Amino acid sequence: MFCFVCRSQLKAGEILKSVFYMNCLIMASLTLILDDLNENPICKHGPTVLFQRNDASGKVVSRYYGCSASRNGTCALELPASQIITSKTFYNSTTTSHMQINKVRNSNASEKAYCLKCQRLILKSCLDNHKNHEIICDLTDDMLRQPSRLLTPLTDDSNEAQYFFSDDTLLCIKGIIEQLRITKIVCLGAPRLHEYLLTKTITKSLLLDIDERFRWFYDESIFLQYNMFNHHFYEGVAAQDVLISFLQTGEQKDRVCLFTDPPFGCRTELLANTILKLNQLYNATNLLVQHVLPAFWVFPYFMEAYIKKEMPSMEMSDYHVSYTNHKTYHNGKKSLKHGSPIRLFTNVPLESFKLPFNEGYKFCLKCNKSVHKTNTHCVICNKCASKNGASYMHCTKCNVCVKPNYKHCYKCGRCAQKHECRFYQNQIICRICLVKGHTELSCSFWKHFNKFKRHYKGCIICGKNTHIIQNCLKRKLALKETYFLGKYNNILNLH
């Protein structure tokens with residue numbers, strides 16, 4: 001089956017299991033009201049978010065407050081907006097005291113043990129309280145500095161998923177950091193990278209993560225329990241002050257960047273909103289006006305449209321991110337056919353860094369960026385078009401590069417896999433006016449500009465096969481189109 005929202009192909013037996021497919025359905029039917037979240041009710045993950053559920057026609061069906069971090073997991077809070085007392089708390093805190101955590105954390109490695117059942121560090125003097133539990137006793141300082149290799153990963157993509165970067169990916173990220181001369185990194189939910197930076201580099205790192213287990217290993221100077229989907233600090237103002245201090249560039253003119261590796265089932269609107277708040281905090285801290293905080297966002301390539309919608313300045317790097325504890329998201333023998341589908345999105349110009357040659361990447365002089373060795377430059381599209389790792393081919397009928405297993409559908413005017421044209425056309429984005437729901441042949445462009453003749457080969461506007469429709473000069477002039485920060489804007493409203 002084809003997912004008409006994220007445009008990815010799913011096997012029939014995997015439909016209900018696919019977090020991407022389910023997330024696409026949720027995104028299609030729900031909109032978020034991102035006003036001041038601090039005025040909303042509070043669950044154990046901080047301020048909730050106001051969701052608005054719409055029917056197929058777009059009519060509002062209901063409005064409710066839901067958890068920002070876990071809609072299908074352990075905190076399935078759903079409270080009707082009409083029955084809510086704002087800022088009311090709907091949970092009981094059961095967190096371990098700071099005194100107890102500090103006592104264990106500040107002890108010598110020889111005095112500590114790790115309980116796999118309780119998922120926490122304990123003192124060997126308290127082993128009697130953990131009878132019949134699986135215990136790791138021979139802890140070393142090196143093990144304690146790398147807790148992600150000790151903790152049991154959380155793998156619920158709709159909640160607190162944890163997939164840890166492979167060593168190759170860590171080396172690549174390190175190389176990018178060195179090329180950009182970054183000195184400080186705020187790690188949003190990327191604990192493996194955080195500990196790698198602390199142990200293998202001189203780069204300073206601050207981990208912001210919702211997993212409270214890291215409190216047993218890191219003090220408040222390098223770890224803050226934080227919800228990346230509502231900008232909530234579990235320790236309040238004191239924790240935010242730590243972040244503010246870290247964001248300061250100082251006299252040394254430190255270079256700060258943000259790196260996030262969120263659960264793949266997350267709402268991109270929420271994370272983009274948090275990145276915006278962190279950027280504003282960075283500017284306010286350093287008395288800047290509109291400085292863009294460099295950011296890296298790890299996400300599947302087929303979710304590119306969602307990231308671009310919220311953050312048009314983000315571009316997708318061709319690097320294939322791999323993990324150690326995911327069945328297929330790696331580049332080994334049991335990986336997917338074209339390697340990992342996970343990519344690195346960034347607002348840093350892609351020509352500013354090169355990807356590792358020994359991992360199969362090359363530098364395309366025409367694109368002026370690093371791409372995978374299988375990515376071939378198309379002179380018509382004027383880019384290395386492949387996104388999924390396969391060698392894309394240029395279709396002369398719809399005049400764009402497509403996946404090699406796609407076939408041209410004359411009814412839809414698109415290359416695609418097997419699909420139902422009636423449903424598929426509702427999700428198509430017209431390449432002339434960039435509005436969703438119709439093809440170029442049925443675009444109202446032809447009614448407004450009847451001097452243009454439809455061409456069925458090459459560019460549908462001018463008939464030339466030397467460029468794609470979006471780059472057609474006649475189209476741009478007719479629509480009075482502007483392009484800013486990765487986003488097209490048509491001045492004329494055709495609909």
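A polar contact is a pair of N or O atoms within 3.5 Å, where one must be able to donate a hydrogen and the other to accept it. Keep that in mind for the first view; the model shown here is a predicted one.

**View 1. Q119 sits in the loop between strand 7 (112-115) and strand 8 (120-123).** Is Q119 buried or exposed? With a relative accessible area of 16%, Q119 counts as buried, because buried means under 20%. Now look for the backbone oxygen of L116: a polar atom of the Q119 side chain lies 2.9 Å from that oxygen. Which residues does Q119 touch once its neighbours within four places in sequence are set aside? They are Y114, T152 and R213.

**View 2. Strand 5 (residues 60-66) meets strand 6 in the antiparallel sense.** How many bridges join strand 5 and strand 6? The pairing runs over 3 bridges.

**View 3. Strand 18 (residues 361-364) and strand 19 (residues 369-372) form a hairpin.** The two strands pair in the antiparallel sense over 4 bridges. Here C364 stands opposite K369 in strand 19. Between the strands of this hairpin there are 4 residues, and N368 takes a positive phi near 60°.

**View 4. The second largest cavity has a volume of about 90 Å³.** How many cavities of 30 Å³ or more does the model contain? The count comes to 5. What lines the second largest cavity? Its lining includes H98, I101 and R105, along with R215, Y218, D219 and E220. Also among the lining residues are F223, L224, Q225 and E235. Helix 2 (98-105) and strand 12 (223-227) are the elements that give two or more residues to this lining.

Terms used
Residues are numbered from 1 along each chain as its sequence is written. This is a predicted model: local features need pLDDT of at least 70, side-chain atom pairs count only at pLDDT 80 or more; totals for chains, interfaces and linings use all residues. Side-chain values use heavy atoms; hydrogens and water are left out. Two strands pair if DSSP finds at least two bridges between them. Buried means under 20% relative accessible area, exposed over 50%, partly exposed in between (1.4 Å probe, protein chains only). Contact means heavy atoms within 4.5 Å. On a 1 Å grid over the protein atoms alone, a cavity is a set of points where a 1.4 Å probe fits but cannot get out, and a pocket is an open set with protein on both sides within 12 Å along at least five of seven lines; lining residues have an atom within 4 Å of a point. Grid points are joined across faces, edges and corners, and a volume is the space filled by probe spheres set on the points.
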